[in-house]
Amino acid sequence: MQPEPSSSRQYVELATLAQRFQAAILDKIVFPTIMLVPFILGFDLLNLSSGIDENFTISFATQVKVSLLEILLFMALNSYLLKEYGQTLGKRIVGIAVVGENGQRLSLQDIILKRYLPFWAVAYLPFFGFVITISNFLAIFRGEKRRCLHDDLAKTLVVKMPRGRKITSSETHIDSDGKSAASDVMDA
């Protein structure tokens with residue numbers, strides 16, 4: 001049953017699987033490749049090569065430093081867009097955004113601490129990190145709301161978001177067709 005549209009309600013659709021995949025490819029492959037130069041400069045500035053022996057074994061301390069450098073570069077590239085629009089650069093290009101389950105705008109702190117940080121941390125666990133990371137992404141196929149495990153944990157949805165729009169509302173209702181009625185969800 002779909003809510004009646006009114007002048008104060010707009011319809012927002014869940015992002016498609018294709019849109020989420022495109023944004024993930026941009027965020028996980030294309031932009032990290034672009035960020036290689038700053039990463040290499042940071043690698044040298046932090047003298048991280050000293051933590052790699054002649055057999056290319058990387059010390060735990062160096063692994064932690066490299067991970068922190070990756071997170072720093074991710075934040076440098078995406079923090080403004082996440083704070084203002086609920087988008088990474090990939091999501092911005094594709095036209096999708098992260099919102100709370102009720103369509104509310106999330107703080108940067110909530111997005112990072114609830115949606116990203118737990119899975120960044122788990123990714124470094126031997127074997128289980130790989131299994132959980134793969135499970136996280138495969139979970140998107142299990143329901144109509146197209147949610148990964150990080151969406152479940154953070155209580156978020158990924159919705160279509162036309163460029164130039166911001167999330168301003170406090171509530172969105174998603175129906176089984178992937179459309180939602182939202183009171184002032186987007187503001188031009």
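A: Happy to! First a term: patches are made of residues with over 30% relative accessible area and no salt bridge, where like charges are joined within 9 Å and nonpolar side chains (Val, Leu, Ile, Met, Phe, Trp, Tyr) within 5 Å. This is a predicted model, where local features need pLDDT of at least 70, side-chain atom pairs count only at pLDDT 80 or more, and totals for chains, interfaces and linings use all residues. Residues are numbered from 1 along each chain as its sequence is written, and side-chain values use heavy atoms, leaving out hydrogens and water.

Q: Thanks! Which residues make the nonpolar surface patch?
A: Leu17, Leu125, Phe127, Phe128, Phe130, Val131, Ile132, Ile134, Leu138 and Phe141 make a patch of about 1,000 Å² (Shrake-Rupley method, 1.4 Å probe, with only the protein chains shown counting as cover for residues).

Q: And which helix gives the largest share?
A: Helix H6, residues 128-138, with six residues. Helices are DSSP runs of H or I, at least four residues, numbered from the N terminus.

Q: Switching to Lys91: buried or exposed?
A: Lys91 is buried, meaning under 20% relative accessible area with a 1.4 Å probe, protein chains only. Lys91 has no salt bridge (a side-chain nitrogen of Lys or Arg within 4 Å of a carboxyl oxygen of Asp or Glu).

Q: What's the nearest side chain of opposite charge, then?
A: Asp27, 4.4 Å away. Lys and Arg count as positive, Asp and Glu as negative, and His and the chain ends are not counted.

Q: Where does Lys91 sit?
A: In helix H4, residues 89-94.

Methods:
Helix = DSSP H or I, 4+ residues; strand = E, 2+ residues; numbered from the N terminus. Buried < 20%, exposed > 50% of the residue type's maximum accessible area, 1.4 Å probe, protein only.
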